[in-house]
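Work through the exercises below with the model open beside you. Try each task before you read its solution.

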Amino acid sequence: MPNIRIIEPDKIIKAVARLCISANIHIGDDICEALHAAKANETSDLPRSVLDMLTKNAEIAKSENLPACQDTGMAVVFVSIGTKVHVGGNLTNAINEGVRRGYREGFFRNSVVLDPINRVNTGDNTPAVVHYDFVPGNQIKITVAPKGFGSENMGGIRMLNPSDGINGVEDFVIETVKNADANPCPPIIVGVGVGGTMEKAALISKQSLLREVGSEHPDLFWREVEWRLHSRINELNIGAAGFGGATTALAVHIATFPTHIAGLPVAVTVGCHATRHKTVII
């Protein structure tokens with residue numbers, strides 16, 4: 001095939017395994033910086049001591065090559081595939097083998113059950129939840145985002161009416177965070193998806209958690225909504241680990257997508273204080 005780059009499955013397997021280990025051990029620099037800033041901004045002793053423990057925990061995990069949290073999550077994998085790339089085998093199988101090896105080599109907890117009701121553990125943290133996207137080029141971009149369910153359980157979706165407008169969107173986000181309280185290990189990162197269909201809103205809300213903490217939305221309107229929501233969430237006084245204080249959320253990230261004239265889907269995905277994810281381009 002002319003101009004088509006061939007990538008062997010073993011390369012995918014090894015890359016995914018490394019990402020699983022790195023994501024669970026190395027908390028992002030942007031998040032660590034946000035935790036340090038929150039600690040410096042905190043005036044109450046108890047939440048400040050919790051933030052101090054969280055930053056030290058991240059440092060110890062990195063220096064000792066240990067998972068930052070005992071819940072090493074269900075592997076969520078985002079894959080952007082160049083249209084001039086061919087994988088010489090089954091890509092999904094390669095990704096799952098990478099997860100299997102990464103969780104075994106990292107000595108991470110296996111948290112996946114084969115059936116949601118019968119609850120028999122698969123024993124290797126597979127299958128992963130894999131999302132594919134096709135883009136121009138001859139590379140593959142893979143992001144592994146382990147998702148613990150202390151935070152995952154706190155997300156939600158609501159099919160609003162168009163007449164509910166931006167106030168309805170914001171009120172649903174605040175309601176979701178308020179109901180979550182201390183369960184998702186705050187300070188949290190809040191991903192919001194607005195538009196599309198029910199499943200699209202949920203997907204883009206989760207993808208928005210991958211944005212760098214401290215980055216700004218490119219659209220002024222939505223940037224201001226993010227600022228407003230961030231302020232309102234921090235006024236809830238849930239605080240670090242639920243002990244109150246100035247910082248309940250490190251950031252609010254909004255993603256949008258065109259939608260139907262009769263709908264206004266809104267989804268909220270809550271990320272814990274670690275919100276783990278690592279990326280590689282092959």
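## Exercise 1: Helices α1 and α4

Helix α1 passes α4 in a right-handed crossing. A crossing is right-handed if the near helix is turned clockwise from the far one by less than a right angle, and left-handed if anticlockwise. Helices (H or I, at least four residues) and strands (E, at least two) are DSSP runs, numbered from the N terminus. This is a predicted model: local features need pLDDT of at least 70, side-chain atom pairs count only at pLDDT 80 or more, and totals for chains, interfaces and linings use all residues. Residues are numbered from 1 along each chain as its sequence is written, and side-chain values use heavy atoms, with hydrogens and water left out.

**Task.** Describe how α1 (residues 9-25) and α4 cross, and say which residues make the contact.

**Solution.** 

Step 1. Recall what to report. Two packed helices are described by the angle between their axes and the distance between the axes.

Step 2. The axes of α1 and α4 cross at roughly 40° and come within 7 Å. Axes are lines fitted to C-alpha atoms, for helices over the stretch in contact, and angles run from 0 to 180 degrees between N-to-C directions.

Step 3. Name the arrangement. This makes α1 oblique to α4. Angles under 35 degrees count as roughly parallel, over 145 as roughly antiparallel, 65 to 115 as roughly perpendicular and the rest as oblique.

Step 4. Find the contact (heavy atoms within 4.5 Å). From α1 come P9, D10, I12, I13, V16, A17, C20, I21 and N24. From α4 come L91, A94, I95, E97, G98, V99, R101, G102, Y103 and E105.

Step 5. Sort by class. The contact of α1 with α4 has 12 nonpolar, 3 polar and 4 charged residues. Ala, Val, Leu, Ile, Met, Phe, Trp, Tyr, Cys and Pro count as nonpolar, Asp, Glu, Lys and Arg as charged, and the others, Gly among them, as polar.

## Exercise 2: Helices α2 and α3

**Task.** How are α2 and α3 arranged relative to each other?

**Solution.** 

Step 1. Take the angle and distance. Helix α2 (residues 29-41) and helix α3 (residues 45-64) pack at about 155°, and their axes are 9 Å apart.

Step 2. Apply the cut-offs. The two helices are therefore roughly antiparallel.

Step 3. The crossing of α2 and α3 is left-handed.

Step 4. List the contact. On α2, C32, L35, H36, A38 and K39 take part. On α3, the residues are R48, L51, D52, L54, T55, A58 and E59. By class, the contact of α2 with α3 has 6 nonpolar, 2 polar and 4 charged residues.

## Exercise 3: Helices α6 and α8

**Task.** Which residues of α6 and α8 meet?

**Solution.** 

Step 1. Place the helices. Helix α6 (residues 165-180) and helix α8 (residues 220-234) pack at an angle of about 35°, with axes 11 Å apart. Their crossing is right-handed.

Step 2. Read off both sides. I166, E170, D171, V173, I174 and V177 belong to α6. F221, W222, V225, R228, L229, R232 and I233 belong to α8.

Step 3. Classify. The contact of α6 with α8 holds 9 nonpolar, no polar and 4 charged residues.

## Exercise 4: The largest pocket

**Task.** Which elements each supply at least two residues of the lining of the largest pocket?

**Solution.** 

Step 1. Give the volume. The largest pocket has about 310 Å³. A volume is the space filled by probe spheres set on the points, which are joined across faces, edges and corners.

Step 2. Name the elements. They are β2, β4 (129-135), β5 and α7 (198-207). The lining includes F78, H131, K141 and L203.

Step 3. Classify. The lining of the largest pocket has 5 nonpolar, 4 polar and 2 charged residues.

Note on methods: On a 1 Å grid over the protein atoms alone, a cavity is a set of points where a 1.4 Å probe fits but cannot get out, and a pocket is an open set with protein on both sides within 12 Å along at least five of seven lines; lining residues have an atom within 4 Å of a point.
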